[in-house]
Amino acid sequence: MTETTYAKGLEGVVAAESEICRIDGEQGRLYYLGYSIQDLARYSDFEETTYLLLYGKLPNRGEIESFSKRMRISRDLAPEILDMVRNFPKEAHPMELLQSVVSYLSGYVQHKIQHSATCNCRDTLHQVVQLASVVAAWQRFHEGKDYIPPRQDLSHGANFLYMMRGEEPDEYEGKVMDTCLVMHAEHGFNASTFTARVVASTLSTCYCSISAAIGSLYGSLHGGANERVITMVEKIGGKDKAAAWVNQALDNKRKVMGMGHRVYKAKDPRAIIMEEFLLELSKRKNDTSSYDILKEVEKTFRERMEEKGKSIYPNVDFFSGGVYNLLGIPKILFTPIFAMSRVAGWLAHILEQRRDNRIYRPKSLYVGRDAREYVPLEKR
Ligand SMILES: CC(C)(COP(=O)(O)OP(=O)(O)OC[C@H]1O[C@@H](n2cnc3c(N)ncnc32)[C@H](O)[C@@H]1OP(=O)(O)O)[C@@H](O)C(=O)NCCC(=O)NCCS
């Protein structure tokens, strides 16, 4: 390619071929390896979805049993990691802790990355599994409570809730949590996944790639929108005030959190599933206040967008914060939960990058000064 093209934010730029994720933004469809997110949400679980992402196919019974077992025995945190979680600066965000933990875990592994064929990062699943245990342990210590060792008879999502709360969640809550992890596990070439692939393309370790991806996800334009949706719901305070709040936000050219997506020009399919979970959980807990406010925000927002002919709809974050809230998860954990799910997708992309690697090296368009003479310090 000789022609110099420039696309701010790399919009529309194709940076790689990938078999992992297909997003039909116009129709609002999402597929992992050809399987629709609706089917995966309904029939699969986080462990099976992780297998699908890492091996490119659904496992048979024997394969899922041994994979699941490998994931479950990796759940418990070593005393050194627990010390790290306990002693991490109290003011630090758990995303900073997660980034550090992944680098620390790397020290336990003999890396084989020189040749893609011998890469062993699919075998060392602790970097996928233990993020959930670290997030749960961080929350326990933050509340002045003790570490709850994992259980091996629970799904990944249910076990996370168990380790965080110290009590086994009911079956529905466990299913909701696990399915939320399925729905966040992969989403194509978003900023954090691209970050992971760029680092992997240098033949750095998968731990370095994942830790960099966590840093990328920490930014508020990527992870974190669901946290701000809940802040918005709290500020609005009641269903009857929602329309005025949205109108004022839009009149003042403020963005409404949880709305809009670079790729989707229809309602995000994950938002539709999340909305169902939020409604059902709200009914079960006799508290539909957040759901009611969000639906009113959506209605007013869509009316305003229709007037302008804009295809901006709720994204996955619009309802997920409400779901997490009803599961008793504090706002500060929303982005870490995103990370403990998306790590499966990051790893899938790291493996794919390695299979046909070429180091990423785009260009920038130079808009600086022409060559000029160096002026010695005493003459400036
Ligand atoms: C997701 C997001 C970053 C996509 O960004 P993008 O593709 O770069 O789109 P832009 O931010 O350039 O927005 C394009 C137009 O839509 C408008 N728009 C986009 N999202 C909007 C929102 N949430 N509320 C109000 N207007 C919005 C912009 O104001 C802009 O309008 P303009 O053309 O009149 O200037 C953006 O929609 C956003 O900030 N949403 C809120 C944060 C969020 O929910 N993030 C989670 C994503 S999963």
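A residue counts as exposed here when its relative accessible area is over 50%, and as buried when that area is under 20%. Keep those two cut-offs in mind while looking around this predicted model.

Let's start on the outside. Lys253 has a relative accessibility of 75%, so it falls in the exposed class. You'll find Lys253 in the loop that runs between helix H12 (239–251) and helix H13 (269–284). Its backbone is worth a look too: Lys253 isn't a glycine, yet its phi is positive, at about 60°. For context, most residues other than glycine have a negative phi. Asn286 is another non-glycine with a positive phi, this time of about 55°. Asn286 sits in the loop between H13 and helix H14 (289–308), and its relative accessibility of 74% makes it exposed.

Now for the ligand. It has 15 residues around it, and Lys255, Val256, Gly258, Met259 and Arg262 come nearest. By class, that shell is made up of seven nonpolar, four polar and four charged residues.

| Protein residue and atom | Ligand atom | Distance |
|---|---|---|
| Val256, backbone N or O | nitrogen | 2.7 Å |
| Arg262, polar side-chain atom | oxygen | 2.8 Å |
| Asn315, polar side-chain atom | oxygen | 3.0 Å |

On its own, the ligand has 860 Å² of accessible area, and the protein covers 64% of that.

Asn315 leads us on to helix H15. At the start of H15, a side-chain oxygen of Asn315 comes to within 2.9 Å of the backbone nitrogen of Asp317. How much of H15 (residues 316–326) is buried? Ten of its eleven residues are, so the helix is largely enclosed by the rest of the structure. Among the buried ones are Val316, Asp317, Phe318, Phe319 and Val323. The cover over them includes helix H8 (171–184), helix H11 (225–236), H13, H14 and H16. After H15 comes Gly328, with a positive phi near 80°.

Val323 also takes us into the largest nonpolar core. This core has 112 residues, and Phe160, Val323 and Ile329 touch the most other members. Helix H16 (residues 334–355) gives the most to the core, with twelve residues. In soluble globular proteins, nonpolar side chains tend to be buried together. Setting aside neighbours within four places in sequence, Val323 is in contact with Val176, Cys180, Met274, Phe277, Leu278 and Leu281.

Is His349 buried or exposed? With 0% relative accessibility, it is buried. Beyond residues up to four places away in sequence, His349 touches Ser18, Ile20, Glu186, Gly188, Phe189, Thr193 and Arg197. With Glu186 there is a side-chain polar contact of 2.8 Å. Gln152 is 197 residues from His349 along the chain, and their C-alpha atoms are separated by 28 Å.

Last stop: Thr50, in helix H2 (residues 46–55). Thr50 has a relative accessible area of 0%, so it counts as buried. Leaving out neighbours within four places in sequence, Thr50 is in contact with Phe67, Met71, Val128 and Ala344.

Key. Residues are numbered from 1 along each chain as its sequence is written. This is a predicted model: local features need pLDDT of at least 70, side-chain atom pairs count only at pLDDT 80 or more; totals for chains, interfaces and linings use all residues. Side-chain values use heavy atoms; hydrogens and water are left out. A nonpolar core is a set of buried Ala, Val, Leu, Ile, Met, Phe, Trp, Tyr and Cys residues joined through side-chain atoms within 4.5 Å. Buried means under 20% relative accessible area, exposed over 50%, partly exposed in between (1.4 Å probe, protein chains only). Helices (H or I, at least four residues) and strands (E, at least two) are DSSP runs, numbered from the N terminus. Contact means heavy atoms within 4.5 Å. A residue is near a molecule or strand if one of its heavy atoms lies within 4 Å of it. A polar contact is a pair of N or O atoms within 3.5 Å; within protein, one must be able to donate a hydrogen and the other to accept it, and residues adjacent in sequence count only if both atoms are side-chain atoms. Accessible areas come from the Shrake-Rupley method with a 1.4 Å probe; for residues, only the protein chains shown count as cover. Ala, Val, Leu, Ile, Met, Phe, Trp, Tyr, Cys and Pro count as nonpolar, Asp, Glu, Lys and Arg as charged, and the others, Gly among them, as polar.
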